[in-house]
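Student: I have a model open and want to learn how to read it. Where do we start?

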Amino acid sequence: MSGTKDFSKTRRDLLQAAATAGAATAILGSMGINPALAAEVGRSEKPLKAAFSNAGLQATWCAQGKQAAEFWGKLFNVEVTWFDGQLDAVKQRAAIDNMASQKWDFVAIQAFGIGTLTQPVQKMIDAGTPVIDMDTLIAPLDQINVHSFLAPDNEFMGASVTQALCNAMGGKGKIIMTQGALGHTGAQGRAKGFNSVVKQFPNIEVLDTQPADWDVSKTARLWETYLTKYPQIDAAFFHNDDMALAAANIMKARNRTNILIGGVDAMPPAIQAVSEGRMYATVRNPSCRIHGGAIIAGVSAVVGGEKSGQGIPKSVVTDGPVVTKANAAGMQWMQDHFLI
């Protein structure tokens, strides 16, 4: 295991050391990105200043995103300043108000809840700052002129994992969905995907769908209650892996390890849990691709003059696959190098 970590670190050091315009072009070309665009984007001669915020660094998906943004920022000569959302809409709003009071070459934001950041984001847009929206809508795209919206198909992610669970249940039994924050459009899409699948199985009963707001402590409390209240639970779908693994610990402590567990994000601990059979399935919400893509989108706008809705679409779908034992190792490798 230590050898794997050393190799990963060495590869990253080599990439960072090679972060010239030509090297960045070669790296992007190897990823299947148009070489002409790679050459146009290049590496900024002067350091660019970018501000980033996501829902909260307590969440492993968000923490990985920060690492990816900083990694890709070094390749493209971007200084990334972080404004932590702290998994709290009020605290994130204060952070974004602070962000909006300063000058940036571009910014990238994942809102904790839709509509909570509209005013300070609009202030930055009015000042001519490209704003890249990540993972969840800051506001509906017809109401705010963000540079682009990079996000997975959350409905697909919710539906694909739920389908895997329902199939494994043999189309009958009892299931619980533990939601993220209800104001998060990603969570809304995942719930929609879940509901679209379970309604096709009349012999599957949904016992509960309460939100846990991405909070592992709240998840643990919910599942202590569920395991007491419901003698039969056949499967559980969680809107992210952190909540899934927190509940799995409660299930193990209560000797209820027969419950099939599905999550979202395909973070390294969940990939390991799938490989070992402790989780049944997860699906990759590509944190690295979204946060690294925001760096490339910002540099393309500032250095390459790429225009919103022209060079870059208003909405970019960043889907990742369902993770099984068959592809888990490869998914882990790509995450280690901030590629998905």
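Predicted model: local features only at pLDDT ≥ 70, side-chain atom pairs only at ≥ 80, totals over all residues.

Student: How many helices and strands does the protein chain have?

Tutor: The protein chain has 13 helices and 12 strands. Of its 340 residues, 53% count as buried.

Student: And the surface?

Tutor: The protein chain exposes about 14,200 Å². Carbon and sulfur atoms supply 53% of that area. Look at contacts too. Among those between residues at least 6 apart in sequence, 74% join residues at least 24 apart.

Student: How do I read strand pairing? Take strand E1.

Tutor: Start with the general idea. In a regular strand the side chains alternate between the two faces of the sheet. Now the case here. E1 pairs with strand E2 (residues 78-82) in the parallel sense, over 5 bridges. Leu48 has Val78 in E2 as its bridge partner.

Student: Which helix does the chain cross through from E1 to E2?

Tutor: Helix H4, residues 60-75. This β-α-β crossover is right-handed.

Student: With which strand does E1 pair over 4 bridges?

Tutor: With strand E3 (residues 106-109), also in the parallel sense. There, Ala50 stands opposite Phe106.

Student: What is the strand order in the open sheet of 4 strands?

Tutor: The order is E7-E6-E8-E9, with parallel pairing. Its edge strands are E7 (204-208) and E9 (260-262), and each pairs on one side only. On average, neighbouring strands of this sheet are turned by 25° against each other, direction ignored.

Student: How many bridges join E6 to E7?

Tutor: There are 4 bridges between strand E6 (residues 173-178) and E7. In one example, Gly173 has Ile204 in E7 as its bridge partner.

Student: Which strands does helix H9 touch?

Tutor: H9 (residues 216-229) packs on the sheet, touching E6, E7 and strand E8 (235-238). The direction of H9 makes about 160° with that of E6. Helix H10 (residues 241-253) lies across E6, E8 and E9. H10 runs at about 150° to E8.

Student: How do I read a helix on its own?

Tutor: The general idea comes first. An α-helix has 3.6 residues a turn, so residues three or four places apart point the same way. Then check the span. Helix H8 (residues 185-198) has 14 residues, which should span 20 Å at 1.5 Å a residue. The end C-alpha atoms of H8 are 20 Å apart, which agrees.

Student: Why is H8 called largely enclosed by the rest of the structure?

Tutor: Because 10 of its 14 residues are buried. Among them are Arg190, Phe194, Val197 and Val198. The cover over the buried residues of H8 includes helix H7 (154-168), E6, E7 and E8.

Student: Now helix H12. How many of its residues are buried?

Tutor: In H12, 14 of the 16 residues are buried, so this helix is largely enclosed by the rest of the structure. H12 covers residues 287-302 and reaches 23 Å from its first C-alpha to its last, close to the 22 Å expected at 1.5 Å a residue.

Student: Last, a single residue. Is Thr136 buried or exposed?

Tutor: The cut-off for buried is under 20% relative accessible area. Thr136 has 0%, so it is buried. Thr136 is found in the loop between strand E4 (131-134) and strand E5 (148-151).

Student: With which residues is Thr136 in contact, leaving aside its neighbours within four places in sequence?

Tutor: Gln110, Ala111, Phe149, His184, Thr185 and Gly186. Thr185 and Gly186 are also buried residues of H8.

Conventions: Residues numbered from 1 in each chain as written. Heavy atoms only, no water. Helix = DSSP H or I, 4+ residues; strand = E, 2+ residues; numbered from the N terminus. Expected span 1.5 Å × (residues − 1). Buried < 20%, exposed > 50% of the residue type's maximum accessible area, 1.4 Å probe, protein only. Pairing = 2+ DSSP bridges. Axes fitted to C-alpha atoms, helices over the stretch in contact; angles between N-to-C directions. Contact = heavy atoms within 4.5 Å. Areas by Shrake-Rupley, 256 points an atom, 1.4 Å probe, with all protein chains shown as cover. Right-handed = clockwise from strand over helix to strand, strands pointing away.
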